[in-house]
Amino acid sequence: VRIIPLQLQRLFAQLLLLDQQAASTTDLTDSFGWNSNEEMRQHDVQELNRILFSALETSLVGTSGHDLINRLYHGIVVNQIVCKECKNISERQEDFLDLTVAVKGVAGLEEALWNMYVEEEYFENENLYRCGACDKLVEASKSAKLRKLPPFLTISLLRFNFDFEKCERYKETSCYTFPIQINLRPFCEQTEMDDSEYMYELFSVIIHKGGCYGGHYHVYIRDVDELGNWQLQEEEDKLIEEKALRDSENAKEVENPLAVLKGILSEEESKQIPVDQLGQKLLEKKGVSWNKKYRKQYGALRKYLQNHPQIFQFSPDENKVGLKEKHKLPFKSDSQGQDLQSPPQKNDVQWNSEKKPTRLRGSSAGCHWFDLNDSKVQPIKEKDIEKQFEGKESAYMLFYRKSQLKRPPEARGNPRYQIPEHLLNEMNVANTELQKKRAECESANHGIDLHLHLSSCYKFHNGALHPSLTWKDSVVDLTIDRRKTLGDLRQSVFQMLESWEGDMVLSIAKPLPAGLHLYQILDGDELTLDGIGLADGADVFVWNGKEVGGTKVMTGPDHEPVVVNVLRLAEYNEGGKGQHFTESQHVFSCSTKLGDLHRALAPSGGIILKNGSGPDKEGKNWEVFLEEDMKETVKSVGLTDGCSVLILDSHDQ
């Protein structure tokens, strides 16, 4: 029974300290008793939250943390029914760990809370209430209030509903706003305490993407302890453009009620006006049709004004109302200075809130948010939360914390804060093992195999380098990280060849049909092997840069050796049918002049013919090299490895 909190603690230690992209939840789900089928089944996150809380409470019985969940999340709602005749109050308390609020037909969180904890239900006419004190049916009012607020307030949004006409479930995707900061005073039974006791700030939003039969969860989390690497380029021009567009849209739509009321009172010359006159001006200003949907709320205008004592000031007889001095601002210039509890609204009224400026009140420039989406974690702007107000991908659970809760200074930027010693040791060991595996993996991914050809094992003849012994005995294989420098490679070769004396030159080599040929010299010891283009499987010749076995070696593409098949007419034909040839192979540098090749192969004169059909085709298309061709090189006339030339001496028929 103790396994669940231990695994949860261990998981958070891994999330904070383990040097890898993601932490596995397998050990935690195993502690739930889940099998593979349970892990594959879709679980509702609100249900999981309640199951987890229940499991933790059971697990912590008999320990110092037995009341941990209650201390952090427990709140109380009181339901009251007041008899209109005897004023008897009947009340019933309800405990909660999370509040479930309606989404359908509601503009946002404040309106939902207003409907739940401010609006009263009346028992009258045919629907009367039986009072226990009066012992008869009487008129009464029913209401609910928050009696006790928890340090952490969890709110579940009723996104999923049932359509009785279609007999099917559906997801409510309409716009539903919620503020970064919220004042819960209007919804509480006790309202005499300081404002700080009622102020809450958002620190996490669970988002559901998909429909009512399946989907995917990810979460926005505020980096309270500033542990993350939050680097996001502010796109000021884009923000200004979006704000201008939003402001123009808001101007066409319905303004926030508090902003409208403040605007009307700010325009009045007198300090206070009658409440009824304010209501009439409200209708004249915005129109009866605009007010129709919220007639009920406007019927409670006086109560609404009374719930905002920090803004509105009543006359002694409470028949007149005005603005307190600090709120007397021109309505149109108020967008940057309003007391704020919610983001701007697009299409609807939001009760018990005020418009927020672009930088939300109470949030600092260092308030960073992250989107945790499985193994992908990326920084987001606080403004991005507004994208989750509506749609198939939208907010599903909200998590608020009391604004007066302050983290200890030593927790800031310190992921090891208050983690038990045994978990710190476990994470250190795990990170050491991860670093070892990562080094092995990177070495395998970045390692290249080089074939080192040692000059002491080669001799130069017939235009190319040839091993003195077998090819295997002349080559040394070396594996090295491509991110290392040429100087590192040279040092490794020196260590392998302890008997090497004098200068060491490394040249790119390439096996050709004629033998091994050398190309460019590798230079620049500070450059990486990847930077100089040294590929996996490359051949490198180790020599002094001048000669091999006392013979000067010509290097580079201009001196590539070419193997040419030389054909001559046989002196006799067996059977007297057709022509017979003798064949021999000769090696020439590709820069050799055709005249020099002619003098070497036909010193006594004659002509040279090239097989125009190519090396892989039958030799039927012979072309004669003309006198003007003798100044061309082997390469320029197209003679490559395997090409055939026919020598006809002057005495041949």
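# Briefing on a predicted model

At 27% relative accessibility, arginine 147 is classed as partly exposed. The model discussed here is predicted. Arginine 147 takes part in a salt bridge with glutamate 189, with 2.7 Å between the closest N and O atoms. Glutamate 189 sits in the loop between β11 (181–183) and β12 (199–211) and arginine 147 in strand β7, so this pair ties together parts 42 residues apart in sequence.

**Salt bridges**

- Over the whole structure, a search finds 20 salt bridges.
- Glutamate 189, the partner of arginine 147, is partly exposed, with a relative accessible area of 25%.
- Arginine 412 and glutamate 226 meet through their side chains in a salt bridge of 3.9 Å, N to O. Arginine 412 lies in the loop between β19 (393–402) and α13 (421–446), and glutamate 226 in the loop between β13 (214–222) and α7 (236–252), so the pair ties together parts that are 186 residues apart in sequence.
- Arginine 412 is exposed at 57% relative accessible area, whereas glutamate 226 is partly exposed at 38%.
- A salt bridge of 3.8 Å, N to O, brings together the side chains of arginine 482 and aspartate 530. Because arginine 482 lies in the loop between β23 (475–481) and α15 (486–496) and aspartate 530 in the loop between β25 (515–521) and β26 (539–543), the pair ties together parts 48 residues apart in sequence.
- Arginine 482 is partly exposed, with a relative accessible area of 21%, and aspartate 530 is also partly exposed, at 46%.

**Strand pairing**

- Strand β7 (residues 140–148) runs antiparallel to strand β1 (residues 75–83), and 8 bridges join them. Lysine 148 in β7 is the bridge partner of isoleucine 76.
- Strand β4 (residues 121–123) is also antiparallel to β7, joined to it by 3 bridges. Here phenylalanine 123 stands opposite alanine 140.
- Strands β9 (residues 160–163) and β10 (residues 168–171) pair in the antiparallel sense over 4 bridges, and phenylalanine 162 has arginine 169 in β10 as its bridge partner.
- β9 and β10 form a hairpin with 4 residues between them, and cysteine 167 in the turn has a positive phi of about 55°.
- β14 pairs with β16 (residues 320–323) over 2 bridges, and the bridge partner of proline 274 is lysine 320 in β16.

**Buried positions**

- Helix α6 (residues 109–117) is mostly covered, with 7 of its 9 residues buried. Trp114 and Tyr117 are among them.
- Aspartate 98, in the loop between β2 (89–96) and β3 (99–102), is buried at a relative accessible area of 9%. The side chain of aspartate 98 makes a polar contact of 3.0 Å with the side chain of arginine 50.
- Beyond residues up to four places away in sequence, aspartate 98 touches Gln46, Arg50, Thr154 and Ser156.
- Glycine 279 belongs to helix α9 (residues 275–286) and is buried, with a relative accessible area of 18%. Glycine 279 is 23 residues from arginine 302 in sequence and 9.3 Å from it in space, C-alpha to C-alpha.

**Surface patch**

- Ile221, Leu372 and Val377 form a nonpolar surface patch, with about 200 Å² of accessible area together.
- Valine 377 lies in strand β18 (residues 376–380) and is partly exposed at 44% relative accessibility.

Technical notes: Residues numbered from 1 in each chain as written. Predicted model: local features only at pLDDT ≥ 70, side-chain atom pairs only at ≥ 80, totals over all residues. Heavy atoms only, no water. Buried < 20%, exposed > 50% of the residue type's maximum accessible area, 1.4 Å probe, protein only. Polar contact = N/O pair within 3.5 Å; in protein donor to acceptor, adjacent residues only side chain to side chain. Contact = heavy atoms within 4.5 Å. Pairing = 2+ DSSP bridges. Patch = residues over 30% accessible without salt bridge, like charges linked within 9 Å, V, L, I, M, F, W, Y side chains within 5 Å. Areas by Shrake-Rupley, 256 points an atom, 1.4 Å probe, with all protein chains shown as cover. Salt bridge = Lys/Arg side-chain N within 4 Å of Asp/Glu carboxyl O.
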